Amino acid sequence: MSDFAGMEDLLQDFLIEAGDLLSGVDNKLVDLERAPDDRNLLNEIFRGFHTIKGGAGFLNATELVTLCHLTENLFDNLRNGQLEITPEVMDVILEATGTVRDMFASLEQGTQPSPAEGELIGRLRQAIAGELAGGQSVADAGAEAPAAHAPAAASASPAGKAGPDWELLHGALVGVPALKEVREVKPPAAAVMPAAPVKAPEEVIKAATGRRASDKPGAAAPAGRREGEKQRDNSIRVDTTRLDQVLNLSGEIGLTKNRLNALRSDILSGRNDTETLHSLDLAVSQLDLLVSDLQNAVMKTRMQPIGRLFQKYPRIARDLARNMGKDVELVLAGEETEIDKTMIEDLADPIIHLIRNAVDHGVEDSAERTANGKPEKSIVRLEARQEGDHIVILVADDGRGMNAERLRAKAVEKGLITDEESNAMDERQSFNLVFLPGFSMAVQVSDVSGRGVGMDVVRTNIQKLNGNIEIQSVLGKGTTFVISLPLTLAILPVLLVRLGDQPFAVPLSMVREILPIEAREVQEVGGRATMVVRGEVLPILPLAGLLGWPLDRSPGYGVLMQTAEMSFILAIDSFAGREDAVIKSLDDFRPKGVAGVTTLSNGQIVLILDMKELLGSAGDQRWMSRLSLMAKKPVLAA
Amino acid sequence: MSDPKMKFLVVDDFSTMRRIVRNLLKELGFTNVDEAEDGAVALQKLNSAPFDFVVTDWNMPNMDGLTLLQTIRQTPHLKHLPVLMVTAEAKKENIIAAAQAGASGYIVKPFTAATMSEKLEKIFEKMGKKAAA
């Protein structure tokens, strides 16, 4: 079935580690374009390909080995100063890197990668020989380079260049059979440099960028990649010191458990003097502390620096900018910020889309920038930081900013909102229009964005992670997308609200404030019950109505909640405070509108509400009217 | 000489590779294996605990395998340690450089347990001779 029977573990390890390595290489390539003579960079990239080659050999991934070997040779010549980087050489390198990544994807599916395109191999060989269009070989290296890097030729005449010492040394070191082995490993390198026709630069660019068509957020591609990532989901790299901490804490808990056992025997045998009870108290509080430490420590094993994700993006931004003839630098910050591993994977696509969006729509082209007195090169900033119990991720550009009025006009034109709605919108709400399905600002549909799919998917994905996304934009200065996410998916801060005696939990991230609902403040606007809070007219949605319960009494309190689409007041009877809910999912049985359950400290089971789903199921809005909300008094009286 | 209790130090910056080498050594019956991710860390380990055998990669950040080898050969209490170079490079000049620096053996990736066993046997043989002489 798989080409790697018996090697699955090895393959998994290799893919994770080599994948990181390749992302690092990608990043360094972007840096290299800015500093083509940086020996350190060249060395590191060389080593990256070299290491991948070494590992691939053990997986018998011959095609990957061949490709890495050639690329490595090219970098060897570059770092030795025999060759210089030209845009053509850079393109070949980037294409080779892309192909290596494609090969990883194939390995991930458990199949040996197919050979790299002959055309690419040909261009790589040309580049190594310094014969690629525009590729200037330094001094007479053009003649020397291929010779120095065709080891088969060298080992075929062992006595040739190195003098008599060589055979002796070699014999002493590897023994005669090994010489044969060395020969066997190397023959492909002896192949003659094929004289593939030199391509026009435009074609080169097309080839280099076209290859990554599969990276683009089309409909099918991410789905395929998603599956691949799901496979990878199962393993995680954890710093051993963190594991040691978990081990240490569980040991401590074991000790405390023993202590409690001893105390129990004492108490059961009738000892209940102050000293025993005091020890019990101590042991229990110690256990308390240890358990919460353990929870933290276990959670930390799931935390990974977000830099691992960020690494991929400078390269993507570069390719995209180049494709569109813009000069954009992606600046990363806060790579060390740690975030739950599952979230890192689910963030990959939304962030790609935001970056594409920034490069495509956000920043202007050089001409427009110069005309506006801005520096020609635009900066897109990708930044992560922890704020309290949240992770905040920013994608900020210094481009033209968003025009609220034009956004509204566009939305009306597309029939997404009515004129009336449009007039009632403030700036923030107007920006949020871009998240509506079917909204696309691009006048001309470009290759990378502008299909109107994406932004709504971005928001949906972020919301799936219990996060939210907001837009800040200043016309002429730039746009910032702010993603805010909980630290982990396992623990959800909630607000406990009550309907009668029944408690429900709502995500605290959506709660803005709690206010009493006075019957005289409720007004009916357009057939809906609303309340004015600081000048804003907000609809009142009774929780009982959302749940399909009878509306037989007036609610006592309202919780002002904010989702990406709307702000509203959730009408409830009373509330019981906040809690950090440990979410237990309902695997087989999931009633609509219920995200999961949690247990309170007193053992009571509480349903955690999925507000988005509840609002979606609200369809029939009969219960929203003031009359039904206030059913008790006026209707009965009438 | 091939005492299964021999303590190996496997030096490579690629943890997958360390694991491969470790598994191969295990197949050959050597289970006492420690790891280091580059030459600098390896030297630290070598200086703080006794080891009987070093298997090192060539290309590593911080300190590469060749420098590690040279340093080992120049350190009085380490210079007798057998050092097996493991690398993807089969270039003549690399092999010569390794030989000149005093490598006990040189093995080209990828290799099997059998190849590794053969190299180790050769080294043990040589060491046995030296010890006898």
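This is a predicted model: local features need pLDDT of at least 70, side-chain atom pairs count only at pLDDT 80 or more; totals for chains, interfaces and linings use all residues.
Two strands pair if DSSP finds at least two bridges between them.

Let us take the hairpin. In chain A, strands β6 and β7 form a hairpin with three residues between them. In the turn, Gly476(A) has a positive phi of about 85°. Strand β6(A) covers residues 468-474, and its pairing with β7(A) is antiparallel, over seven bridges. One pair to find on the screen is Gln472(A), whose bridge partner in β7(A) is Thr480(A).

Strand β7(A) also pairs with β5(A), residues 390-397; here seven bridges join the two strands, which run antiparallel. In this pairing, Val395(A) has Phe481(A) of β7(A) as its bridge partner. How enclosed is strand β7(A) by the rest of the structure? Seven of its nine residues, which span 478-486, are buried, so the strand is largely enclosed. In general, strands of a sheet pair through backbone hydrogen bonds, either parallel or antiparallel.

I turn now to two further sheets of chain A. An open sheet of five strands has the order β16-β8-β9-β18-β17 in chain A, with mixed pairing. At its edges are β16(A), residues 574-582, and β17(A), residues 594-599, each of which pairs on one side only. On average, neighbouring strands of this sheet are turned by 35° against each other, direction ignored. Inside the order we find β8(A), residues 491-499, and β9(A), residues 502-507; these run antiparallel and are joined by six bridges. Val497(A) stands opposite Phe504(A) in β9(A).

The other open sheet has six strands, in the order β10-β14-β15-β13-β12-β11 of chain A, and its pairing is again mixed. Its edge strands are β10(A), residues 511-516, and β11(A), residues 522-525, and each pairs on one side only. From one strand to the next, the twist averages 40°. Within this sheet, β12(A), residues 528-533, pairs with β13(A), residues 536-542, in the antiparallel sense over four bridges. Met531(A) has Leu538(A) as its bridge partner in β13(A).

To complete the picture of chain A, the chain has 24 helices and 18 strands. Buried residues make up 34% of its 638 residues. Of the contacts in chain A between residues at least 6 apart in sequence, 69% join residues at least 24 apart.

Chain B comes next. Chain B has five helices and five strands, and along the sequence they follow the pattern β-α-β-α-β-α-β-α-β-α. Of its 133 residues, 44% are buried. Among contacts between residues at least 6 apart in sequence, 60% join residues at least 24 apart in this chain.

Helix α4(B), residues 92-101, deserves a moment. Its buried residues include Ile95(B), Ala98(B) and Ala99(B). Why do these three lie on the same side of α4(B)? They cover an arc of only 100° around the axis, which puts them there together. Just after the helix, Gly102(B) takes a positive phi of about 95°.

One residue of chain B carries an annotation. An unreviewed UniProt entry lists Asp57(B) for "modified residue: 4-aspartylphosphate". In the model, Asp57(B) lies in strand β3(B), residues 53-57. Is Asp57(B) buried or exposed? With 28 C-beta neighbours inside 10 Å, Asp57(B) counts as buried, because the cut-off for a buried residue is 20 or more. Setting aside residues up to four places away in sequence, Asp57(B) touches Val11(B), Asp12(B), Asp13(B), Met17(B), Gly65(B), Val86(B) and Thr87(B).

In soluble globular proteins, nonpolar side chains tend to be buried together. Here the largest nonpolar core has 81 residues, and those touching the most other members are Val100(A), Leu124(A), Val55(B) and Met85(B). Helix α4(A), residues 87-108, gives the most to this core, with nine residues. Leaving aside neighbours within four places in sequence, Val55(B) is in contact with Phe8(B), Val10(B), Val11(B), Val21(B), Leu84(B) and Val86(B). There is also a second, separate core of 42 residues, which includes Leu347(A), Ile352(A), Val380(A) and Phe431(A).

Methods. Residues are numbered from 1 along each chain as its sequence is written. Chains are lettered from A and ligands numbered from 1 in the order in which they are written. A residue is buried if 20 or more other C-beta atoms lie within 10 Å of its own, exposed if 12 or fewer, and partly exposed in between; C-beta atoms are placed from the backbone. The arc is that of the directions from the helix axis to the C-beta atoms. A nonpolar core is a set of buried Ala, Val, Leu, Ile, Met, Phe, Trp, Tyr and Cys residues joined through C-beta atoms within 7 Å. Two residues are in contact if their C-beta atoms, placed from the backbone, lie within 7 Å. Axes are lines fitted to C-alpha atoms, for helices over the stretch in contact, and angles run from 0 to 180 degrees between N-to-C directions. UniProt positions are given in the numbering used here, feature names are shortened, and annotations may be inferred rather than shown by experiment.
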